[in-house]
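Have a look at the model first.

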Amino acid sequence: MAKPLPTQAQVVIIGGGVVGCSLAYHLVKRGWSDVLLLERKQLTCGTTWHAAGLIGQLRATSNMTRLAQYTTGLYQGLEAETGQATGFNQCGSMTVADNAERFEELKRGASMARVFGLEVEVISPSEIKRAWPALFVDDLVGGVFLPKDGKINPIDVAQALAKGARAGGARIHEGVKVSGITVQDGRAVGVTTDQGAVAAEVVVNCAGMWARDLAASAGVTVPLHAAEHFYIVTEPFAAMTPDLPVLRDPDSYAYYKEDAGKLLLGAFEPVAKPWGMGGIPEDFSFDTLPEDYDHFEPVLEKALHRFPILGDVGIQLFFNGPESFTPDDRYLLGPAPTLPGFYIAAGFNSVGIQSAGGAGRVLADWIVDGHAPMDLWDVDVRRVMPFQRNRAYLRDRTTETLGLLYALHYPFRQVETARPVRTSPLHDRLAAAGACFGELAGWERPNWYAPRGVEPKYEYTYGRQNWFDHSAAEHKAVREAVGLFDQTSFAKYHLEGPDAAQVMNRVCANEADVEPGKIVYTQWLNERGGIEADLTVTRLADDAYMIVTSGTSQVRDLAWLKAHIPADARAVATDMTSAYAVLGVMGPHARNLLQGLTPDDLSNGAFPFGTSREIDLGYARVRASRITYVGELGWEIYIPMEFAAGVYDAIVAAGADHGLKHAGYHALNSLRIEKGYRHWGHDISDEDSPLQSGLGFAVAWDKTGGFIGREALLRQKEAGVDRRLVTFAMDDPDSLLYHNEPIVRDGRIVGYITSAMYGHTLGCCIGLGYVPCTPGAPAKDVLEGRYEIEVAGDRRPATPSLRPLYDPKREKILA
């Protein structure tokens, strides 16, 4: 007899796949036993049941790797804890390369693995052959082996997690369909089901393929789309032994796994087949999709080349089942920015099994503690944009995202599908000027400009790419003359009302109660002193501010601001991103250029650094803000969208006499890193404080009313920091850094590069990274010792600095 459905629970989890079961397991481990998991059919019946069960630990970033390591450790002990067999086999994994670029990627990944404490070996073709004797290796150049990776039975591990959750008091009800989220006073307070309503303090959407539509019913964006995922299982044959490591051959789009004496051969092919455009069938449960041999045939042909013995083995199963993919191939985790009390854990891009343990743990911590336990921006659901729930966009992007899992992850690689989405009003003019566009948060942004006669198209490599010299010329123009940037993708908000100053000053670590017309560079901190946002605040009037932040943070930062406006405060925050185009006019000739287009006085005395005011420019009224992210004299010009083309034309027409050159975001990045400017999401995050990152100058310690995070920051100031953000200049001008390269001090790995770019003025690559230090010791002590940066296994000398390497006295900016 079915158990009656409870009418309330502290937490309701929607979805009984491996992720939902993991969350329930970890919530009870944190002492929250009043947990109710609702599954529409049976546990694992969506996509978990047909997963390949691969366990890999090396991910793209430090914290994602930490979570994957945790997952492996959890699965190792789960059978002993719960009594439920999981099939865990730590057989290791091996990835092979058949070309130099892929081998470079693998070696760079191996260096990164050492930062994270992972065992990794760079191996030769002969060593690959010893591990997989039947493999054809004559065309391979090398590979990497991670001995602590492995495989597991997906259904069994989900059942083990469910068993552990039940043992801790969680209730799991199968055969209960959740039809909607109950919202009251702007907060999720429960769910409606086909068996009645359930009230809850917290609702978590772990609904897999169904998560998008379920979230949309409550006005929340969860952008994911199912794609068909193919694999075959052969008849048993002698070469398949349990000790074989999992094999990945990404250049052939394939992975190989021994499975009960058989071979499971799966693929992440370059052009995928989206599925479920018209909705998922109501009765979908442990279902498969139709075979498509023609689609899988190219993968099989490549597999026959790599593993010739396959031609003598029969195929027992041709499998096709759906998996959910997100627009950027990263899963979606955390609190919904527009609906308090509603959390997301979905869109796992075929890595749900290897991600579930860590994702369940950190989401449980997030729910219980009210904040993330580490920097999770890579997978934070607040990174997604509202437009990304558009079904046509998701369908078209999904054709690419599945294959990107095994594509070469070149530096600066751009997605190619579902573009353009968001364009500046100047887009066509910039294209005519030679712009090669990249995509960020849906925005088409000029990354570099091709000279006349050159096609504006990327040619990817781990070395100097085809745009290197063109971007260097843009960089040079900004340093020596004047450059023009389209920065329309900035996120922009207004905060208005009688209490705007009080709200703003509480949220900002710096002093925001300034005179109208002043720009304040500031951080927004959490209660732990970590940096939630890094932005500028401009006071427009006594009761109005403009906030400008990164385009990627548009949803996150607005949600943070709104969450910290007291209920009784007379202040309203409005997203103004689509109202203004932004042009950056930067370089020593910027003043002379702009002065010829406006009657307003732009002299240093009349318009000092940190000033913002409305001026005439061309035929428009614009807001000119004297601020910089490139380390030169310059203005950001905020232009109502309908005036943008006219203002742009006026600047370009006048610019010829001043050496004006269009400049893209690659040049902006190289300029900012020479100046040591931090980039939120790479160099600073909610785990890093202003003191650790060298931004203490932007903290107003004693301002009236204090600020969020002040107490934690004061404690850190008194105790001293345990790490510092250091700038590194490579001694070898040909060494290229991107991020995550190990920082080596006196022969020992002590950290990793958080961001890097070639500094064309300095003539070498520049990287930033945190280095441990003794609390209370002089800052300069961190510079002692011999520093090297490890690039693809090769350690190369680098010179550290705590000061900006370009214009450390800010003379250029203040000119």
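## Cysteines

C764 counts as buried, because its relative accessibility is 8% (buried means under 20% relative accessible area, exposed over 50%, partly exposed in between, with a 1.4 Å probe and protein chains only). Its sulfur sits 7.5 Å from the closest cysteine sulfur, in C765, which is too far for a bond. A disulfide here is a pair of cysteine sulfur atoms within 2.5 Å, and by that rule the count is zero. C206 is in no disulfide either: the nearest cysteine sulfur, that of C21, is 9.2 Å away. At 7% relative accessibility, C206 counts as buried too.

## What you're looking at

This is a predicted model: local features need pLDDT of at least 70, side-chain atom pairs count only at pLDDT 80 or more, and totals for chains, interfaces and linings use all residues. Residues are numbered from 1 along each chain as its sequence is written, and side-chain values use heavy atoms, with hydrogens and water left out.

## Helix 1

Helices (H or I, at least four residues) and strands (E, at least two) are DSSP runs, numbered from the N terminus. Helix 1 covers residues 18–29, and 11 of its 12 residues are buried, including C21 and Y25. Just after helix 1, G31 takes a positive phi of about 95 degrees.

Six strands make an open, mixed sheet in the order 30-31-32-29-23-33; two strands pair if DSSP finds at least two bridges between them. Strand 30 (612–617) and strand 33 (660–662) are the edges, each pairing on one side only.

Strand 29 (residues 580–586) and strand 32 (residues 634–640) run antiparallel, joined by seven bridges. L583 stands opposite I637 in strand 32.

Terms used. The expected span of a helix is 1.5 Å times one less than its number of residues.
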